[in-house]
Amino acid sequence: MEFRELNYLITIAEERSISKAAEKLFMAQSSLSQSLQSMEAELGGKLFIRTSTGVRPTQAGEIMLERARKMLVDYRQVRDIIQDMEELKAGQVEFGISTFRGSYLLPGALRSFKRLYPQIHVEITEANSMALEQLLIEGRLDLGLVVLPLTKLKSDVRLLMRDELVITAEADHPVLECARETVRNGETVLYVELEDTMQFDYILSDYDTIMGAMARREFARRGLVPRVVNGNLTAPFAAAMALAGLGLSFTYASCREPLKGARYLSIGKEGVFLDLALASPPGHYRSKAALALERQLIRVLGKDSGTGR
């Protein structure tokens, strides 16, 4: 059995579907099915069974998956140690970040990192902060950008930057009549009290996202019940709806786009902030490549960034 086949098993288990796993692995479903059959024949037992909702591991499959994850983690650590002997002339970093935040923060930082270390490959995993935390605990990522506070990971965390949750509105939305100005760290900031926005429609992200949870928590903290016309959209979709005049949505200050017709409002005079941190798998070897990427992210992103810090 080869290491790539271990990754096949893990992907099938995560996707709970051979077809979805094949799509994620960029291979034909028939090829993945054949590979799974070969592994089962080699091991002498069924690893997955079909259900009405997809596939799930058998007892033998659970045992194999546990071993597969450990073997891949061990392999990556040995690989990192050997590649470190090349003094950053080669290497790979498994880096995790949320899709929405990553699309704004990461490209520029990776471009500068690539110029410094052209032979180091950064493999990106997209997931929400809670999922990234679990991947770090399992040792499947070398580094992740996560939102504080964490729920499980208690160590190997370095504060990177402070971000702000802001309201997105089109330029002529009537909510602007409720807006006021304040000076924060020498910068004039436009803000609105949530109580003054209750007459307007809101478009929110899902409950299981940091943004969706934070927005709902701010309403609840003030005893407010917003008029939610859509409550489970992705952050970019919600923002696009808001800019089309279909309601108010939320975004992060770090993800603001300089679009004509877009206005971004702080929540209250003091604003609502969250801390972003870089986290590493606890107790695992930290490669020179991962440390170099961390230093570059801190250099490029670890600053005020206009978020009111």
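Author: Let's start with a pair of residues: Phe250, in strand E11, is the bridge partner of Ile167. This is a predicted model, where local features need pLDDT of at least 70, side-chain atom pairs count only at pLDDT 80 or more, and totals for chains, interfaces and linings use all residues. Residues are numbered from 1 along each chain as its sequence is written, and side-chain values use heavy atoms, with hydrogens and water left out.

Reader: What makes E6 and E11 a strand pair?

Author: Two strands pair if DSSP finds at least two bridges between them. Strand E6 (residues 157–170) and E11 have four bridges, in the antiparallel sense, so they pass the cut-off of at least two.

Reader: How do you know that both faces of E11 are covered?

Author: Buried means under 20% relative accessible area, exposed means over 50%, and partly exposed is in between (1.4 Å probe, protein chains only). In strand E11 (residues 249–252), Ser249 and Thr251 on one side are buried, and so are Phe250 and Tyr252 on the other. In a regular strand the side chains alternate between the two faces of the sheet.

Reader: What about Phe26: buried or exposed?

Author: Exposed: Phe26 has a relative accessible area of 78%, so it is over the 50% cut-off. You'll find Phe26 in the loop between H2 and helix H3 (29–43), with a positive phi near 60 degrees.

Reader: Which residues does a cis peptide bond join?

Author: Leu148 and Pro149, with omega about 0 degrees. Pro149 is found in the loop between strand E5 (143–148) and E6.

Reader: Which residues is Leu297 in contact with, leaving aside its neighbours within four places in sequence?

Author: Contact means heavy atoms within 4.5 Å. On that basis Leu297 is in contact with Phe95, Leu106, Ala109, Leu143, Leu160, Leu278 and Gly302.

Definitions and conventions:
Helix = DSSP H or I, 4+ residues; strand = E, 2+ residues; numbered from the N terminus.
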